[in-house]
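I opened this model to look up its fold, one of its pockets and a handful of side chains. My entries follow in the order in which I made them.

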Amino acid sequence: TLVVTPGLVNIFLHFSAGTEKYVAGLIIKTSSDPTCVEKEKVYLGKLNVILVQILKQEWPKHWPVFRSDIVGASRTSESLCQNNTVILKLVSEEVFDFSSGHITQVQAKRLKDRQVSLFNRSLTPSAYFVLAVR
């Protein structure tokens with residue numbers, strides 16, 4: 001029989017926080033350079049999927065600043081902003097798919113409302129780059 005102690009839970013939470021930072025760092029590094037995005041498209045897509053899987057487990061309880069993190073990072077480069085839009089789309093698809101039959105209607109509505117709010121806030125950096133190009 002496995003006994004889960006508070007110390008074991010803390011180790012797991014520390015490990016998962018390190019994993020999300022590592023994956024997010026790889027995504028930022030890869031998607032900040034447009035040339036690298038083109039060369040590493042498949043790799044970046046897999047990193048995005050991994051981040052979304054982590055996010056499904058961590059957000060909002062253990063990663064409450066995800067929204068501000070992704071919106072803030074989107075302001076640094078156009079290619080990163082474009083990739084963050086892809087991540088938001090994946091998150092949206094996962095939330096709407098994950099909510100069917102696995103969680104209560106109240107939980108699903110709360111997640112969907114958060115997604116709409118997140119999407120609206122993410123439009124600001126996208127608009128910044130569109131206006132900057134013009």
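This is a predicted model: local features need pLDDT of at least 70, side-chain atom pairs count only at pLDDT 80 or more; totals for chains, interfaces and linings use all residues.

Residues are numbered from 1 along each chain as its sequence is written, and side-chain values use heavy atoms, with hydrogens and water left out.

**Overall fold.** I counted 6 helices and 0 strands in the protein, which read along the sequence as α-α-α-α-α-α. For burial I took under 20% relative accessible area as buried, over 50% as exposed and anything in between as partly exposed, with a 1.4 Å probe and protein chains only; on that scale 32% of the 134 residues count as buried. Taking contact to mean heavy atoms within 4.5 Å, I found that, among contacts with a separation of 6 or more, 66% join residues 24 or more positions apart.

Rolling a probe the size of a water molecule over the atoms shows where empty space is left. I worked on a 1 Å grid over the protein atoms alone, where a cavity is a set of points that a 1.4 Å probe fits but cannot leave, and a pocket is an open set with protein on both sides within 12 Å along at least five of seven lines; lining residues have an atom within 4 Å of a point. Grid points are joined across faces, edges and corners, and a volume is the space filled by probe spheres set on the points. The second largest pocket comes to about 160 Å³. Helix 1 (6-31), helix 4 (66-74) and helix 5 (78-98) each supply at least two residues of its lining, and helix 4 gives the most, with 4 residues. Counting Ala, Val, Leu, Ile, Met, Phe, Trp, Tyr, Cys and Pro as nonpolar, Asp, Glu, Lys and Arg as charged, and the others, Gly among them, as polar, I get 10 nonpolar, 1 polar and 1 charged residues in this lining. Among the lining residues are Trp-63, Phe-66, Asp-69 and Asn-84.

**Asn-84.** Asn-84 sits in helix 5 and, leaving aside residues up to four places away in sequence, touches Ile-70, Ala-73 and Ser-74.

**Thr-30.** I then turned to helix 1, where Thr-30 has its place, and found it at 6% relative accessibility, so it counts as buried. A polar contact is a pair of N or O atoms within 3.5 Å, one able to donate a hydrogen and the other to accept it within protein, and residues adjacent in sequence count only if both atoms are side-chain atoms. A polar atom of the Thr-30 side chain lies 2.8 Å from the backbone oxygen of Leu-26. Beyond four places in sequence, Thr-30 touches Cys-36, Val-37, Glu-40, Tyr-43, Leu-44 and Leu-47.

Cys-36 is partly exposed at 22%, whereas Cys-81 is buried at 5%. Thr-35 has 52% relative accessibility and therefore counts as exposed; its C-alpha lies 9.4 Å from that of Ser-79, 44 residues apart in sequence.
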